[in-house]
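Visitor: I'd like a close look at a single part of this one. Could you take me through it slowly?

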Amino acid sequence: MKHDDCIFCKIIAGEIPSAKVYEDDAVYAFLDISQVTTGHTLIIPKTHTTDIFETSEAIAGELFSRVPKVAAAIKKAYQPVGFNIINNNGEFAGQSVFHLHLHLMPRYDESDGFGVKWVERSSEFDADDLENIATKINQAF
Ligand code: 5GP
Ligand code: ZN
């Protein structure tokens with residue numbers, strides 16, 4: 001279902017121009033206007049869904065199943081040395097467009113425009129701590 005106030009629904013409908021990378025019945029992939037790295041692509045489900053928490057297994061399955069071939073095409077075209085796949089959910093996590101999307105981010109070198117802060121904290125958690133955390137999540141299913 002198209003959401004009238006959603007910029008990505010408008011892109012799918014062709015009401016806002018985009019540089020299309022791939023399209024089929026279920027997904028649309030296009031260049032992110034910011035081009036954090038060259039070839040930076042967004043892949044989105046054609047069915048509007050706000051974020052991962054609102055997304056059905058069926059929609060997620062369709063979206064994620066297309067990622068390998070779109071990533072492979074970007075890799076073939078640009079020969080990056082690495083590749084990050086990013087999905088931001090919620091404003092706090094950096095989401096600015098509220099139509100589910102995956103960022104496909106080819107990586108070229110340390111100064112290529114993309115980076116994540118990744119703090120290693122394994123010394124603060126023993127096996128019991130990990131068991132307790134996993135149990136808390138297990139119980140939430
Ligand atoms: P988010 O911050 O929600 O994870 O990512 C949204 C992305 O959409 C941003 O990287 C931004 O550059 C991109 N974006 C926003 N508006 C447009 C647009 O009109 N066209 C295209 N191609 N990308 C857009
Ligand atoms: Zn939408």
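Which residues coordinate the zinc ion (ligand 2)?

Guide: First, a word on the basis: this is a predicted model, where local features need pLDDT of at least 70 and side-chain atom pairs count only at pLDDT 80 or more, while totals for chains, interfaces and linings use all residues. Residues are numbered from 1 along each chain as its sequence is written, chains are lettered from A and ligands numbered from 1 in the order in which they are written, and side-chain values use heavy atoms, with hydrogens and water left out.

Now to your zinc ion (ligand 2): Cys6 (SG), Cys9 (SG), His48 (ND1) and His99 (ND1) hold it at 2.0 to 2.3 Å. Donors here are N, O and S atoms within 2.8 Å of the metal (3.2 Å for Na, K and Ca); water is not among the atoms, so sites may look incomplete. The 4 donor atoms make angles of 103 to 117°, and that counts as tetrahedral, a label for four donors with all angles between 85 and 135 degrees. Written along the sequence, the donor spacing reads C-x2-C-x38-H-x50-H. His48 sits in the loop between β3 (41–45) and α2 (57–78), and His99 in the loop between β4 (82–86) and β5 (102–107), so this pair ties together parts 51 residues apart in sequence. Helices (H or I, at least four residues) and strands (E, at least two) are DSSP runs, numbered from the N terminus.

Technical notes:
Tetrahedral: all angles 85-135°; square planar, octahedral: opposite > 155°, others 65-115°.
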